[in-house]
Structures are given as C-alpha cells and as structure tokens.
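Work through the exercises below with the sequence and the 3D view open. Try each task before you read its solution.

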Amino acid sequence: MDLNDSPEQADYRTKVREWLERSRAEAPVLRGPERIRDEDEAVRAHRGWQRRLAEAGYVGVAWPKEYGGQGLGPLEQVIVNQEINRAGLPGIIDAIGVGMLGPTVIAHGSEDQKQRYLAPMLHADEVWCQLFSEPAAGSDLAGIQSRAKREDDGSWRLSGQKVWTTNAQISAFGLLLARTDPDVPKHKGLTMFIVPMDAEGVTIRGLRQITGEAEFNEVFFDDVELAEEMVVGNIDDGWRTALTTLMFERLTIGGGSEGMGYRADRFAEALAADEAAATDPEVRQRLGALATDLIALRFSGYRMLTALERGQIPGPEAALGKVTAVRAAIEAGDLIADVLGPDALGDNEWSYLISFLPGLKSAGGTEEILRNTVGERVLGLPPEPRLDKGIPFSELRAKEREAAGAAK
Amino acid sequence: MNFELSDEQRALQEAARGALSRHQTVAAAREALDGGERLDLWDTAREAGWPGLLIDEDRGGAGLGGLDAMLVAAECGRVLASVALLGHVPATSVLNAAGGHDDLLGRLAEGDVRAAFVPARPPGDLDPDWTVDAVQGHKRATAPLAEVDGDRATLTGTVAWVPDAPGADVLLVVGVDSGGRPIVVLVKDGAQVEAVSRYDGTRLLGHVTLDNAGGAVIDVDEDDLRAAWYLAQGLIAAESLGAVEAALEMSIAYAKERFTFGRAIGSYQAVKHALVEVLRLMENTRSLIYYAGWAFQDAPAEFPLAASAARVAGGKAFDFASRELISVHGGIGATWEHDAPLYFRRAQLSRRLLGGEGSSADRVAESLLAQARAA
C-alpha cells in the first residue's frame with residue numbers, strides 16, 4: 001500500500017500547486033463574509049476563473065487532446081481537484097458540463113458537435129445543464145414524458161417539463177432526454193438532444209429549497225424547435241446515451257464527498273471549541289461514530305482511485321459512498337445542533353448544512369433506487385417483478401392513469 | 001497511489017483460507033457450545049507461519065506488516081476458527097520492537113512457544129491511567145502494579161477477559177509502576193490464569209491474577225507499547241470483517257433460493273436493501289482495515305485513530321450482518337440448527353472484549369478533537 005504519488009504524479013502535483021499559488025489573486029472569493037454578493041457578478045467572475053484554469057490546462061484534464069483536454073488519466077484530474085481544495089480556491093463553475101455532459105458528447109456526439117460545443121464548454125464561455133429528471137420521472141428515469149416530434153423537414157418540436165436543473169439560469173445549452181416514440185417500450189423510444197436555452201419557448205423558473213436558496217430550476221418547453229443536427233447519438237437510442245452520463249455522474253458524486261466538505265476534522269473543530277461538549281462522553285460517542293464513517297469514506301476513495309489508475313471502472317457500489325457521506329453529515333449536523341442549541345439554526349454554515357442534506361439524500365439517485373441497483377448488479381439479487389416490461393409506453397401510461405383513477 | 005492488496009497479500013489470504021478449510025471450524029464452534037472440546041488450530045497456524053508474521057526475518061519470522069496479520073485474522077474470523085493469534089501477535093510485536101530476546105523470538109516465530117499479551121489500554125484525555133478490563137462493570141481497573149528491581153519486576157493485580165491467556169507458555173503483561181508509568185514484564189510462571197468461556201465457545205479467554213508474579217522487564221518504547229493495544233483492536237476488527245463477508249454470502253445465497261409469494265425473497269426491497277446495508281458497512285470496515293494496516297507501517301502517529309475507527313466500524317458491521325443473517329433466514333436462523341447464531345454469538349462477545357467498542361469510539365473522537373485543538 002502506498003498513498004504517495006508516483007514521481008510523474010508528484011511532478012504534476014507540484015506544477016499544479018505552483019500555478020495555483022501564482023494565480024491565487026485571480027481567483028474570485030465565492031464563500032465566506034468576503035464573498036462577491038452580487039449574483040451576476042459572482043457568476044461572471046466564476047466563469048472567468050474556469051477560463052483561466054482551462055487556459056492553464058487544468059479543466060477536462062482527462063478529455064482527449066483533440067477536444068481541448070490534456071489526454072491525461074482520471075487520477076491527474078483528481079490531483080487538480082485536490083490541489084484546488086487544498087489551496088482553498090473555488091473549483092470550476094461547470095462541473096456538471098465538464099464532468100458528465102462533455103464526456104457524453106465525446107462518447108456519442110457527431111464530429112461537428114464535438115468541434116462546435118466542447119471547447120466553449122471547457123472555457124465556460126458556454127455553461128451547460130442536464131435536462132433529464134421530470135416531475136414524474138426521477139428514479140424511473142426512462143419514464144420521462146417530454147415529447148419531441150419530428151417534422152417533415154427533419155427538425156423537431158419539443159414540449160414538456162424538466163426539474164432539479166442546476167445552473168439552468170446561466171446555461172447556454174442543455175443536454176435533454178426526450179421521448180420520440182411512445183409506441184414502443186419505454187427504454188426504446190428515447191432520444192438525446194442538445195437544447196439552446198435561449199430558444200423560443202424555453203422558460204426557466206427557480207425552485208427554492210429548504211435552505212431558502214434556489215439552486216435548482218424547473219425548465220418548461222413549449223413547442224421548442226430543434227434543428228436536425230441537435231440529436232446526440234442515434235434517434236430512439238437515447239437510453240444508451242443517458243447511461244453514459246449516469247456513469248460519469250456516479251463517478252462525480254461517489255468520489256466527491258470530501259469535496260462536498262463533509263470532513264470529520266471540520267465537524268470536530270466545531271465541537272472542540274466547546275469544552276463541555278469535548279469532554280462529554282455521549283458527545284464523543286456520537287462524534288466517534290460519525291467520524292469513523294467519514295474516515296472510512298476517505299480511504300474508500302483511495303481504493304476507488306486505485307481502481308481508476310488500473311483502468312478499471314468503479315462499479316455502482318462506489319455510489320454507496322454518497323449514502324455514507326449524507327448519513328454521517330446528517331449525524332454531524334444533528335450533533336452540532338444539540339451542542340450549540342438553537343443558535344446552530346441561525347444564519348450560519350450549520351443551518352445551511354442541516355437544511356441542505358435532506359434534499360441531497362435524493363440527489364443523483366435516491367438512496368432506495370441506489371440500493372436496488374447495487375443489490376441487483378453487485379450482490380446479484382434478483383430484480384423485482386416489473387409491470388412495465390415490453391409494454392409500449394403509451395399503453396403503460398394509460399394503465400397508470402387508470403390505476404391512479406381507481407385509487408381516488 | 002496504490003491502496004489495494006498486493007499479489008503477495010492476496011496469496012497469503014488464499015493460503016490462509018485453504019489451510020482453514022481443511023477443518024470443520026463452524027461445526028466445532030457449535031460443539032464447543034455444547035460442551036465439546038475447543039478445536040485448537042495452533043498447529044495449523046504453525047504450519048502456515050502465522051505465529052512469526054510480525055517477527056523480523058533475521059530473527060526467524062516472516063517480517064511482514066500489520067495488514068498481513070489482519071488479513072490472516074479476517075480469514076480466521078470468516079470461519080469462526082479458534083486460532084490464538086489475538087493474544088500472540090501483539091505480544092510478538094512488542095518483543096520484536098524491544099530488540100534482543102532473539103532466542104525467545106525465534107521460538108515464538110516457530111510457534112514452539114505461544115505468548116499471550118496481557119494488555120492495558122493507554123491513557124487518554126479523559127482517563128490518565130493505563131487501565132485493564134474488569135471482571136464486571138463499567139469501571140476499568142488500573143493495570144497491575146509493578147515493583148521493579150533492576151531488570152526484573154514483580155506484578156500484582158488482575159486483568160480480566162484476556163484473549164488466549166489460558167495455556168499460553170508466556171504472558172507479556174503491561175503493568176504500571178508507582179508513578180503510573182507502564183512497565184512490560186515477561187511472566188513465564190507464577191501467574192494464575194482462570195480459563196473462562198462465555199457465549200462463544202471459540203474464544204479462549206482468561207482472567208489473569210498476578211500475586212507478586214515475577215519476570216524480566218522488557219525495555220520497550222512507549223509508542224510501541226501503545227501500538228500493541230491498537231494492533232489488538234485492528235485484529236479484532238479484521239476478524240469481524242471476515243465474519244461479515246461470510247454472513248453476507250450466506251444471506252445472499254438464501255435470499256436467492258428461498259421463495260415467498262412466487263418469488264425469491266432477495267427480490268423484495270426490504271431484504272435487498274438490508275443486504276446492501278451489510279455491503280456498505282462491510283466495505284467501510286475494509287477501507288478502515290486497509291487504513292490501519294497502512295498506518296501501522298507508514299504513519300504510526302495515525303495508527304491509534306485508524307485502528308480504533310476500524311474496530312468501531314467492524315463491530316457495528318458484524319452486529320448488523322449477524323442480525324440480518326438471522327432475519328433473512330426467518331425462524332430457523334434463530335435456532336441451534338443453524339450457523340447464524342454462532343456468528344451472532346461471536347459478534348456479541350467480540351464487541352465487548354479489549355475495552356469494548358465504545359472505548360474505541362471515544363478514542364476516535366479524542367484523536368479528532370486533539371487534532372482540531374492543535375490546528
């Protein structure tokens with residue numbers, strides 16, 4: 001076992017670290033009391049920072065060189081992320097685009113699409129959003145109802161609604177999954193599109209959460225026209241394209257708990273400051289238990305990196321890291337609130353943490369759907385019988401409506 | 001970056017599994033509860049070279065690391081084997097670190113002499129003393145009092161629930177002098193060891209009473225002595241990891257073959273989600289065992305934290321996994337006919353030994369609070 005970098009990785013890390021130190025003054029302050037308060041200005045500054053990182057070669061590190069990446073491994077990207085965290089500087093604004101959507105375009109897009117969209121994404125000249133989930137389709141993503149119909153000239157007309165869309169309000173484009181053939185079973189009639197967010201008929205509405213902030217949006221599409229060349233991958237083959245995005249999502253979320261700031265030392269600091277708490281056996285038992293989980297997560301992360309370095313793709317079990325992170329952070333918020341009392345629920349990081357976690361539990365896949373996936377794919381347990389197999393989507397919807405009506 | 005087992009470690013693991021598979025260890029665990037003789041696998045351990053795992057190569061051992069010992073412990077735990085390594089291995093790590101004693105170390109490495117570590121928990125911020133498990137109750141006893149005379153000392157006191165003490169050829173006892181400083185004494189005779197068996201017939205435990213028992217003082221660095229306590233924590237955590245693996249495999253196999261309402265019970269979310277929870281707790285434990293193994297070698301200052309965290313995670317995982325093993329099997333899982341109760345009993349006793357799981361959770365908190373104050 002060796003947690004050290006190889007000589008090449010160590011050189012790379014030094015290079016990144018030195019560059020970050022030299023460029024520190026150019027990085028915007030986005031957190032804490034000194035943060036840029038004006039939202040538009042903060043977004044502009046954040047985009048500028050991603051551009052600087054991209055010019056230095058520190059965005060899309062694992063992307064192929066021909067599309068503006070560095071052609072390096074996932075581990076080098078991790079090194080960059082670690083060094084940015086270590087320096088206390090902001091990461092890129094479009095982690096969703098660069099981490100999940102860009103790689104999907106690279107895997108399934110046409111050459112024209114790659115040439116047109118990837119470089120501006122990398123430089124944050126154009127921010128992207130993910131338009132997958134809908135009000136009635138989250139865990140059962142293939143049940144989406146946004147409908148794209150083909151016109152005689154080959155163009156498409158899109159209508160429907162998406163939800164939980166991070167960054168929609170600042171995005172130039174979205175990667176959207178729509179139903180293109182309702183008369184085949186639900187996984188089959190889907191197609192992936194690139195949607196210009198400024199197209200006529202697109203409406204974006206912020207969705208406030210428990211924290212009081214609107215980090216998500218609802219996006220409505222009312223007969224939006226999409227050109228033929230906006231299809232990514234093959235028509236009616238969108239599910240395969242979506243699975244690529246979801247695989248990159250798992251990597252982003254499963255490996256990101258430390259990046260989310262859920263670290264045992266951060267919680268211990270809050271408690272160490274209160275002498276009565278720090279010597280209270282019950283507080284210590286609770287801290288010991290939740291810290292154990294968070295430390296486990298850090299070392300599970302190293303196991304995952306080892307797999308990546310060996311060219312293996314971590315399986316769905318990597319996503320269990322999110323379950324552990326959210327649970328331990330909920331315990332931590334609860335403990336800190338018990339120690340600090342009502343004051344913990346004021347305008348501070350703890351109340352934000354406490355309010356943010358219930359939603360995070362479902363983000364990127366609910367705990368329940370995750371457990372199904374891992375139970376079936378990793379443990380080899382049989383799937384639950386399904387009522388939607390082999391039935392054309394239009395028929396399935398009719399049956400669902402009938403059953404819901406009967407229940408009333 | 002390489003945070004996985006090496007090929008050599010996988011080979012060690014496989015060899016251990018192979019050696020243990022030649023014995024009916026789980027059946028023996030049941031027979032031991034029914035009053036039968038405990039199946040002693042010390043000879044198996046000797047043939048495999050496990051007694052010398054942590055002893056330097058030039059002193060007759062294998063010169064391996066903490067993780068290697070934990071991997072062997074995991075294999076023993078997996079099949080509920082009774083191998084006296086929990087007492088022997090920490091004792092050898094202290095003697096090996098002390099230097100000298102080459103003749104004894106050679107015989108310990110061969111397994112001709114079996115040692116048992118009579119441990120004391122190192123002081124913490126809430127408890128300034130070296131303490132030992134009491135026969136009963138929440139209050140921990142002070143470690144045996146040592147009267148030192150040159151390179152020899154006599155010890156007086158009682159240490160309860162000492163793993164592998166009955167039948168050990170030598171005891172490596174942690175005592176304290178009148179100033180509370182730890183003194184390690186190699187006791188060859190004069191100690192009274194009362195063999196005790198509780199709840200799990202595979203565990204060899206003893207109450208060790210010392211009444212002016214004499215022996216040679218072992219000159220060892222205090223950090224190495226602390227590490228031995230945490231090594232025992234890491235080993236018991238590793239035993240738990242192995243047992244959880246076995247419990248999960250049995251649960252999955254049954255969940256696939258048992259049908260209710262026309263389908264395998266493993267297809268129901270209630271069962272599936274619980275078994276994924278076992279997997280989650282198991283993988284968290286594995287990561288912490290790797291951390292402890294790595295820290296033992298490469299980051300000794302972190303070893304108390306790493307081993308304590310592994311112990312907490314391992315105990316929790318084993319408790320949950322053994323309860324699920326029973327639940328998945330339904331009524332039969334709670335009967336003497338089934339193996340599940342043997343794993344459950346192993347879990348419940350293990351969690352209370354060597355200071356207990358709560359003591360380790362407190363150590364995790366203590367380490368983090370200390371780091372936070374220093375930052």
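**Exercise 1. A loop residue in chain A**

Solution. 
Step 1. Helices (H or I, at least four residues) and strands (E, at least two) are DSSP runs, numbered from the N terminus.
Step 2. Most residues other than glycine have a negative phi.

Before going on, note the ground rules. This is a predicted model: local features need pLDDT of at least 70, side-chain atom pairs count only at pLDDT 80 or more, and totals for chains, interfaces and linings use all residues. Residues are numbered from 1 along each chain as its sequence is written, while chains are lettered from A and ligands numbered from 1 in the order in which they are written.

**Exercise 2. A loop residue in chain B**

Task: Find where B:Phe261 lies, and decide whether B:Phe261 is buried or exposed.

Solution. 
Step 1. B:Phe261 is in the loop between strand 10 (259-260) and strand 11 of chain B.
Step 2. B:Phe261 has 7 C-beta neighbours inside 10 Å, so it counts as exposed.
Step 3. Its phi is positive, about 50°, although B:Phe261 is not a glycine.

**Exercise 3. Contacts of a methionine**

Task: List what A:Met197 touches, leaving out residues up to four places away in sequence.

Solution. 
Step 1. Locate A:Met197 in the loop between strand 5 (190-196) and strand 6 (202-207) of chain A.
Step 2. Count neighbours. There are 21 other C-beta atoms within 10 Å, so A:Met197 is buried.
Step 3. Read the contacts. A:Met197 touches A:Ala168, A:Ser171, A:Ala172, A:Phe173, A:Gly174 and A:Val202. Two residues are in contact if their C-beta atoms, placed from the backbone, lie within 7 Å.
Step 4. Take one partner. A:Met197 and A:Ser171 are 26 residues apart in sequence, and their C-alpha atoms are 6.5 Å apart in space.

**Exercise 4. The two sides of a helix**

Task: For helix 1 of chain A, find which residues are buried and which exposed residues lie on the face turned away from them.

Solution. 
Step 1. Check the length. Helix 1 (residues 7-23) of chain A has 17 residues and reaches 24 Å from its first C-alpha to its last, close to the 24 Å expected at 1.5 Å a residue. The expected span is 1.5 Å times one less than the number of residues.
Step 2. Pick out the buried residues: A:Tyr12, A:Val16 and A:Leu20. They cover an arc of only 70° around the axis, which puts them on the same side of helix 1 of chain A. The arc is that of the directions from the helix axis to the C-beta atoms.
Step 3. Recall the geometry. An α-helix has 3.6 residues a turn, so residues three or four places apart point the same way.
Step 4. Turn to the opposite face. It carries the exposed residues A:Pro7, A:Ala10, A:Asp11, A:Thr14, A:Glu18, A:Glu21 and A:Arg22.
Step 5. Look for the cover. Helix 3 (74-86) of chain A is included in what covers the buried residues of helix 1.

**Exercise 5. Where two chains meet**

Task: Which elements of chain B give two or more residues to the side that touches chain A?

Solution. 
Step 1. Size the contact. It takes 42 residues from chain B and 47 residues from chain A.
Step 2. Name the elements: helix 7 (222-257), strand 11 (263-264), helix 8 (269-298), helix 9 (303-329) and helix 11 (356-374) of chain B.
Step 3. Find the largest share. Helix 8 of chain B gives 15 residues.
Step 4. Sort by class. This side of chain B has 24 nonpolar, 10 polar and 8 charged residues. Ala, Val, Leu, Ile, Met, Phe, Trp, Tyr, Cys and Pro count as nonpolar, Asp, Glu, Lys and Arg as charged, and the others, Gly among them, as polar.

Technical notes:
Buried ≥ 20, exposed ≤ 12 C-beta atoms within 10 Å, placed from the backbone.
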